[in-house]
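This report looks at the aromatic pairs of one model and then at a strand and a helix that follow one another in its fold.

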Amino acid sequence: MSILPQTKMEQHYQAASVEQFRATEIIIGHEFGAPSDGAGLVNRLLAQFIVDLNFNRPIYVAESIANALQEISPNTNIAGVFHDTSANTLASKGGTMAELEQVQSQCAITVRKTLHVAHARHVSRVLRQARLVGFDPIAPPNLPEEFDPASSQWWCRGPLRWKLREVIGQPYLKLRGQL
């Protein structure tokens, strides 16, 4: 449990119902932390979560999650991989919006109903941003909550760092029309 209360953006999301799960068209796996080598702790947890879902839908994931999926379950059918989406400190490149835009461009058909697998503290913002690009997003319950102390992104190393980044970053994303 965090020593600080969750911000509005971090508040627990409404997990999808069984009916909502059945209506989804694709799964999107969002990176959390940019590992300096390998997939990174949280991205491996997110990959395992996708495998455990055992949900027969096309999967679109960040490159680090794709690498972890291939290690965990080599027969996982990955429909698309988005590249170079790790955000820098000011989110002037990459980030969640870059992931979502790449998924849109990779889909052969217009997709609306999307299932998003992301870090538990990240997913509420992911869902809000997915709505901005035209998706009707949902998220599963019990998403990973761990942080990665080895992440090259300082804000993914612990809950206090994440909270600081979100408090600073949310107004910036709003100004850019990304939130």
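Rings of Phe, Tyr and Trp (for Trp, its six-membered ring) are taken to pair if their centres lie within 6.5 Å, and planes under 30 degrees apart count as stacked, over 60 as edge-to-face and the rest as tilted. By this rule the count comes to four aromatic pairs. Among them is the pair of Phe32 and Phe147, which is edge-to-face, with 5.8 Å centre to centre and 65° between the planes. Phe32 lies in the loop between β1 and α2 (41-53) and Phe147 in the loop between β5 and α6, so this pair ties together parts that are 115 residues apart in sequence. Helices (H or I, at least four residues) and strands (E, at least two) are DSSP runs here, numbered from the N terminus.

Phe32 also forms an aromatic pair with Trp162, and this one is tilted, with 5.0 Å centre to centre and 50° between the planes. Because Phe32 lies in the loop between β1 and α2 while Trp162 lies in helix α6, the pair ties together parts that are 130 residues apart in sequence. Phe32, Phe147 and Trp162 form one aromatic cluster. The relative accessible areas of its members are listed below, where buried means under 20% relative accessible area, exposed over 50% and partly exposed in between (1.4 Å probe, protein chains only).

| Residue | Relative accessible area | Class |
|---|---|---|
| Phe32 | 3% | buried |
| Phe147 | 14% | buried |
| Trp162 | 2% | buried |

The model is predicted, so that local features need pLDDT of at least 70 and side-chain atom pairs count only at pLDDT 80 or more, whereas totals for chains, interfaces and linings use all residues. Residues are numbered from 1 along each chain as its sequence is written, and side-chain values use heavy atoms, with hydrogens and water left out.

The charged end of Arg57 sits over the ring of Phe55, 4.6 Å from its centre, and that of Arg165 sits over the ring of Trp155, 4.0 Å from its centre.

Turning to the strands, two of them pair if DSSP finds at least two bridges between them. Strand β1 (residues 26-29) runs parallel to β4 and is joined to it by four bridges, with Val117 of β4 as the bridge partner of Gly29. Three bridges join β4 to strand β5 (residues 136-138), again in parallel, and here Leu115 stands opposite Ile138 of β5. Four of the five residues of β4 (residues 113-117) are buried, so this strand is largely enclosed by the rest of the structure.

Helix α5 (residues 123-132) is likewise largely enclosed by the rest of the structure, because seven of its 10 residues are buried. These buried residues pack against α4 (96-106), β4, β5 and α6 (159-175), contact meaning heavy atoms within 4.5 Å. One of them is Gln129, which has a relative accessible area of 1%. Leaving aside neighbours within four places in sequence, Gln129 is in contact with Thr96, Met97, Leu100, Leu173, Gln178 and Leu179. Just after α5, Gly134 takes a positive phi of about 105°.

Definitions and conventions:
Lys NZ or Arg CZ within 6 Å of the ring centre and 35° of its normal.
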